[in-house]
Amino acid sequence: MTDERPDGVGFFRGLLAVVRGIVHAVGTVVGWLGRAVSALTRRSHGDADD
């Protein structure tokens with residue numbers, strides 16, 4: 001048995017994968033919100049009565 005790993009290595013790799021997934025999902029949602037706000041401000045910008 002030369003390929004022994006310290007206990008918990010798999011746990012930390014799994015946890016890292018979960019964290020990366022969450023960060024990716026949050027970044028995607030923030031990108032969508034940014035596009036939505038940009039579209040709304042572009043659309044409503046011409047409606048101002050100055």
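Colleague: Phe12 has 55% relative accessibility; what does Phe12 count as?

Modeller: Buried means under 20% relative accessible area, exposed over 50%, and partly exposed in between, with a 1.4 Å probe and protein chains only. Phe12 counts as exposed because its relative accessibility is 55%. Phe11 is also exposed, at 57%. The model is predicted: local features need pLDDT of at least 70, side-chain atom pairs need 80 or more, and totals for chains, interfaces and linings use all residues. Numbering starts from 1 along each chain as its sequence is written, and side-chain values use heavy atoms, without hydrogens and water.

Colleague: How many aromatic pairs does a search of the whole structure find?

Modeller: Rings of Phe, Tyr and Trp (its six-membered ring) pair if their centres lie within 6.5 Å. Planes under 30 degrees apart are stacked, over 60 edge-to-face, the rest tilted. The search finds one pair. The ring centres of Phe11 and Phe12 lie 5.4 Å apart with planes at 70 degrees, so this pair is edge-to-face.

Colleague: Where is Val23 found?

Modeller: Helices are DSSP runs of H or I, at least four residues; strands are runs of E, at least two; both are numbered from the N terminus. Val23 sits in helix α1, residues 9-45. The chain has one helix and zero strands. Val23 counts as exposed, because its relative accessibility is 55%.

Colleague: What percentage of the 50 residues of the chain count as buried?

Modeller: The share is 0%.
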